[in-house]
Every structure is written in C-alpha cells, then in structure tokens.
Amino acid sequence: MVSALGWTNAQLSASRKHVGIFGLKHEVFFLNLEDGYFGCQVNESTDYLQLYELSKLCDGTSDCYMGSDELRNKLKCTNDCDKDGTACSNGVCLDGQCHCNDGFGGCNCQVPDIDECQDPNIAQRCVENAECCNLPAHFVCKCKPGFEGDGEERCADINECLDPQACGLNAECVNLPGNYTCQCREGYYGDPYNGCVDVDECVQPGVCGPGAICTNLEGGYRCDCPQGFDGDARSAQGCLDYDECARSPCGRNALCRNEVGSFRCECQQGFSGDPMTDCQGKWPGVCGECGSNCYGPPTIAFRQTGQTPTNHHASPANGIRYSNSQFAFCHKSYSPAGDHT
C-alpha cells in the first residue's frame, strides 16, 4: 500500500528535526527512518511536499520531482535484507537493514505494528506536557510543541520570549505555557509579530481638555495649556483664561487690562511713556519739583511743608487749587514749586 499524504512546509518543519535531508540541487527531499516515511517535491513548488512510505524508495519508479527517491548510492539502498529467508516487503533495505513502513515491525517488517500507546500503563510513562508516539515495533514519549525534555522525566516550557526576534518592532512578548503571544506596546498599533507603529492620539477628538494643545509623542501624547491660559489640560474643564493682572505685570502709573489669553498695560490718564516699565506725568510744570513723582489724574498738588499757600485759593488739607483748573498729586516727600496762577 502506498501512502501519499500532502503536507505544507510549515507542517513539516517540526518533523524535520533529527531527519536526514538531501537530494539533487534545487529539490527538497527528507528521510525519516524513525517514523517510517520520506517526503519530497512533486513539482517546481517547494510550498507543498508529498509524503511516501519507505517501501517507495529505490523501487525503480521516481516519485519525486527530480528523482531523489531513486538515488541508490546516496540512500545506500541494498538487496541483502533477506538473510533469514524473508524479504523486506513492508519497508526498505538500506545498508543491509530493513527499515519498516509506519505500522509494521519485526526483523523484516513482516509483523503489523502494535500501537503501544493504546496501553494505559505505557502511555502513563509519558509525563505532563508529553505525548506517546507509536513507532514501528516500539514507542517514544515526545514533549509537546513549546516544551522541551526527554518526555519521560520532564517536559519544561520553552520561553520563546528569550528570543529577541520573537516579536516585531515596538511589540512586547508574553510567554504562555507551550506558546507565546505578541502585543503592541501602549501607544502603538499594527501587527505585533511584524512591527507596530505609533498611534497619533491627537487626531482623536476630545483627547485633551477644552482649549488645550495636543502634541503627539512617540508612544504617547502631551496636553498643554496655551500661553495666557491655566488649568488641567487633560480634564473636562480644560484650560481657562489666566488673569495676568493679578500679578501686577505693568509699570508704574499704568493700568492693567486682562484679555482672553493675554493682557494689556495702559498709562493712566494724564501720563505717558512705556506702560510696561514707567509712565510719567504730562504736567511736570504744575507739580514742579515733583517731576516724575507727579501722579494723576491732575487735580490737587499737595504741600507737605505745612505753609499756607500765597496768591492761591486754599484747598482742603495743605493743597493748592490752581486757577487754570489743572491739578496733580505729588508724592508725600515733594511739594509744588513756582507760581501756577
């Protein structure tokens, strides 16, 4: 009976361990004497391979694409396995030894194989995370995929995450019993096995609070209040106008006017200059020695000498009311000078 089972390369990858692989140039051929089969290409494609029983080797009929199954010298095919009078009929004679097809055993593969793994006493010899595999005339305990060991004493989990290439760029590896998984790091998206890219959170509506500015960062983002605003940029309340006038940012004799997101400094009425630094009086002649110490609006110039003003109409509390109705205040340490009638 001929067994011809089609396997993909991915399915065969686990079976190729401890298996001889050879053949003509540009042809895939592998031989598994332990499990009683071989595999090879049947056409130009290497994506799909065919499996055959060992008895198909060196039988005079080429089953492989480029005839690797008929390379007698390389395979060491011989005809000297009938020393006890029986032919190697359910296998292949290689270098004087009969190798059985799957399902047969005995010296010359004459006896149908008994599946020892069906015996509970034998099967229980395999430890946890191992499985009993029947072979011609015997059995073996093999660790399941993702585990390593001898199968009869231990099968320990393989930590695939120790391989730095297990996951793609910007992905994290999570080891699992007998397996592993990859996941994109926070702030990234994509295929974690091939690579993750940065998420631009700023394109999502409402990621920051009202009035806040969103700045995308690698693997994250930042929310900031613009200049002139204050608050929690990520909260539902967001950024509120900050009253800069509360910290008295303007110069002397200037008024501060708060605006949305900013402020404005203006010299008081009767003063001029740079409101951010200093505003000086427009009537230095009225205050005389007051000079820049004159502050308005111009109404009364105080005398601190205690003298009664002459040629002027007295005004309340040591002041002078000028006939031209132009008045100003002097700082306490100054007194008006000159006759301003």
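Does Cys182 count as buried or exposed, and at what relative accessibility? At 6% relative accessibility, Cys182 counts as buried; here buried means under 20% relative accessible area, exposed over 50%, and partly exposed in between, with a 1.4 Å probe and protein chains only.

This is a predicted model, in which local features need pLDDT of at least 70 and side-chain atom pairs count only at pLDDT 80 or more, while totals for chains, interfaces and linings use all residues. Residues are numbered from 1 along each chain as its sequence is written, and side-chain values use heavy atoms, with hydrogens and water left out.

## Disulfides

The structure holds 17 disulfides, a disulfide being a pair of cysteine sulfur atoms within 2.5 Å. Three of them are described here.

Cys167 is joined to Cys182 by a disulfide, and this link is left-handed. It connects distant parts of the chain, since Cys167 lies in the loop between β13 and β14 and Cys182 in strand β15, 15 residues apart. Helices (H or I, at least four residues) and strands (E, at least two) are DSSP runs, numbered from the N terminus. Cys167, at 13% relative accessibility, also counts as buried.

Cys126 and Cys141 form a second disulfide. The torsion about its S-S bond is about -80°, so this disulfide is left-handed. Cys126 belongs to the loop between α3 (120-123) and β10 (130-135), and Cys141 to strand β11 (residues 138-143), 15 residues apart. Both Cys126 and Cys141 are buried.

Cys88 lies in the loop between α2 (72-75) and β6, and Cys98 in strand β7 (residues 97-100), so the pair ties together parts that are 10 residues apart in sequence. Cys88 and Cys98 are both buried.

| Disulfide | S to S distance | S-S torsion |
|---|---|---|
| Cys126 and Cys141 | 1.9 Å | about -80° |
| Cys167 and Cys182 | 1.9 Å | -85° |

Cys133 is buried, with a relative accessible area of 19%.

## Nonpolar cores

A nonpolar core is a set of buried Ala, Val, Leu, Ile, Met, Phe, Trp, Tyr and Cys residues joined through side-chain atoms within 4.5 Å. The largest such core has 13 residues, and those with the most contacts inside it are Phe29, Leu31, Phe38, Cys40, Leu57 and Leu75. Strands β3 (29-32), β4 (37-40) and β6 (91-94) each supply at least two residues of this core. Another core, of nine residues, lies apart from it and includes Ile122, Cys126, Cys141 and Cys155. In soluble globular proteins, nonpolar side chains tend to be buried together.

## Aromatic rings

There are four aromatic pairs in the structure. Rings of Phe, Tyr and Trp (its six-membered ring) pair if their centres lie within 6.5 Å; planes under 30 degrees apart count as stacked, over 60 as edge-to-face and the rest as tilted. Phe30 and Tyr37 have ring centres 6.4 Å apart and planes at 90°, so their pair is edge-to-face. Phe30 and Tyr37 are both buried.

The ring centres of Tyr180 and Tyr193 are 6.4 Å apart with planes at 65°, so this pair is edge-to-face. Tyr180 lies in strand β15 (residues 179-184) and Tyr193 in the loop between β16 (188-191) and β17 (195-198), so the pair ties together parts that are 13 residues apart in sequence. Tyr180 is partly exposed, with a relative accessible area of 25%, and Tyr193 is partly exposed at 41%.

Phe29, Phe38 and Tyr52 are linked into a cluster by ring pairs.

Glu160 lies in the loop between β13 (155-157) and β14 (171-176), and is buried, with a relative accessible area of 18%. Not counting residues up to four places away in sequence, Glu160 touches Gly146, Ala166, Asn175, Gly178, Asn179 and Tyr180, where contact means heavy atoms within 4.5 Å.

Strands β18 (residues 213-217) and β19 (residues 220-224) run antiparallel and are joined by five bridges; two strands pair if DSSP finds at least two bridges between them. Ile213 has Asp224 in β19 as its bridge partner. The two strands form a hairpin with two residues between them, and Gly219 in the turn has a positive phi of about 80°.
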